[in-house]
Amino acid sequence: MTVVSDPVKRFVPPPLETSTLRQRLLQGVGGSNAARGSLSKCAIQYRQFLSKYRGGDADADTIETLKQDLIHEFDLYQIEMRKMVLSIRVAHVDTEYIDREITDVESEIQKTRFEIEELRNKYPEAKKIRRNLEEFETISKKANQRPPRFELEKSIDEVNGRLRKVEDNAQKNRDEKALREKQFHLFMQSLFDLKESLAEDDDNNNNAQQQASSPSKKQKQEEDVGGEVKAMDLT
């Protein structure tokens with residue numbers, strides 16, 4: 001806490017001895033007007049009482065009146081002193097209260113600064129979280145516009161079932177095609193072997209006929225036609 005120095009407090013008056021102060025009060029130095037209940041007023045009353053008492057020209061009633069006035073003034077002075085003491089105590093309590101309040105305020109200020117610094121450090125993370133929440137809300141809105149999950153899973157299962165059936169049929173067709181290809185190749189090989197066998201038989205018959213006798217032209221044509229017919233039937 002910063003303490004502001006008061007120039008009045010720094011001023012120290014010169015020391016005043018008690019005897020000098022007593023003589024000044026008794027002689028009336030400083031004026032005859034003073035506030036009631038003050039030490040100066042008590043001194044003025046006391047000076048008047050001594051002047052009348054020592055002068056011998058006052059009667060007993062006047063002396064008694066001055067005496068009562070002096071006692072009354074001293075009572076007022078005591079009351080003023082008590083008020084001053086109470087005021088000092090209240091000021092002291094107020095000062096302590098103000099000091100505590102200042103300490104509390106400074107503590108709150110320090111705490112607030114710490115919280116501000118902590119929030120400043122957390123701001124990037126909070127900003128990132130907020131951005132993620134906004135993206136999540138956007139995705140949620142889009143997801144709510146889509147069909148429910150169980151309907152999608154049901155549709156996917158149906159599509160997968162149809163796809164498996166198509167794949168099974170395609171596999172069956174491939175297997176059947178491979179079997180037909182094998183059968184066709186086997187058939188073609190058998191046909192080729194049969195042609196080779198027939199051609200070999202024809203060559204043997206022709207050689208035998210040429211050796212036995214030469215056939216007529218018409219018979220040869222008939223044999224050629226018969227061979228072509230047999231070949232077409234086999235095909």
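Here follow some questions and answers on the terms used for this predicted model.

User: What are the ground rules for the numbers?

Analyst: Residues are numbered from 1 along each chain as its sequence is written. In this predicted model local features need pLDDT of at least 70, side-chain atom pairs count only at pLDDT 80 or more, totals for chains, interfaces and linings use all residues, and side-chain values use heavy atoms, without hydrogens and water.

User: Why is Phe184 called partly exposed?

Analyst: The relative accessible area of Phe184 is 49%. Buried means under 20%, exposed over 50%, and partly exposed in between (1.4 Å probe, protein chains only). Because 49% falls in between, Phe184 is partly exposed.

User: Which residues of α4 are buried?

Analyst: Ile63, Leu66, Leu70 and Glu73 are buried in α4. In the chain, buried residues make up 6% of the 235 residues.

User: How do you know where there is a kink in helix α4?

Analyst: The bend at a residue is the angle between axes fitted to the seven residues ending there and the seven starting there. At Tyr123 in helix α4 (residues 60–144) there is a kink of about 45°, shortly before the proline Pro124.

User: What makes something count as a helix, and how many does the chain have?

Analyst: Helices are DSSP runs of H or I with at least four residues, strands are runs of E with at least two, and both are numbered from the N terminus. The chain has six helices and zero strands.
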